[in-house]
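Subject: Structure handover

Hello,

Here is the structure for your files. The notes on what was found in it follow below.

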Amino acid sequence: MKNSILILTIIFLSGLLCFSSFTIVKQNKELKFLQSKLSEQEQSFTPETEIHPIEKAVQECMKKEDYTTVGMSKCVDDSINDWNKEIDKYLSLLKEMLPEEQYDLLETSQNKWEDYKKAQWAFLNAAIDEKHGTMYINVLSGDRAGVVEKRAKDLSGLFFELTD
């Protein structure tokens, strides 16, 4: 009887050891796979050494304003005007190069984006309004600017894609 229990215990421990080894091998394979993916991403990532002139202007403005809440918010709000000018610039450039039918589609897209911007800003105003603290003034400014910045960069990217 003791021998049977001993044999069953050895079989059980052997099975447990095999399962543990299998799990460790599987985890090692997964880890190597993830490391290789990370390595691929690191190799394909090239940080931009130049920042957009508007972003640089915002940084310089904030420094000049001594990073006060009101000053930083003013700098970011001013950047919204600059990003809107970028949007207008690329819409004009695209109008010159696109066939009329394509530009009409872009114009429709721009009008719908304007509606989106108004709705997004209304949402941001409502959501941030629920927060307390002066830092949220800057959060709201940054979020609003981000909406306009993205559109400007999208149009810029489209222009350079089409002229390449």
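A search of the whole structure finds 3 aromatic pairs, where rings of Phe, Tyr and Trp (its six-membered ring) pair if their centres lie within 6.5 Å. This is a predicted model, in which local features need pLDDT of at least 70 and side-chain atom pairs count only at pLDDT 80 or more, while totals for chains, interfaces and linings use all residues. Residues are numbered from 1 along each chain as its sequence is written, and side-chain values use heavy atoms, leaving out hydrogens and water.

Phe 159 and Phe 160 have ring centres 5.3 Å apart and planes at 75°, so they form an edge-to-face pair (planes under 30 degrees apart count as stacked, over 60 as edge-to-face and the rest as tilted). Phe 159 is buried at 14% relative accessible area, whereas Phe 160 is partly exposed at 45% (buried is under 20%, exposed over 50%, partly exposed in between, with a 1.4 Å probe and protein chains only). Together with Tyr 90, these two residues make up a cluster linked by ring pairs.

Trp 121 has the charged end of Lys 117 over its ring, 5.1 Å from the centre, and Arg 144 over its face at 3.8 Å from the ring centre. The criterion is NZ of Lys or CZ of Arg within 6 Å of the ring centre and within 35 degrees of the ring normal.

Regards
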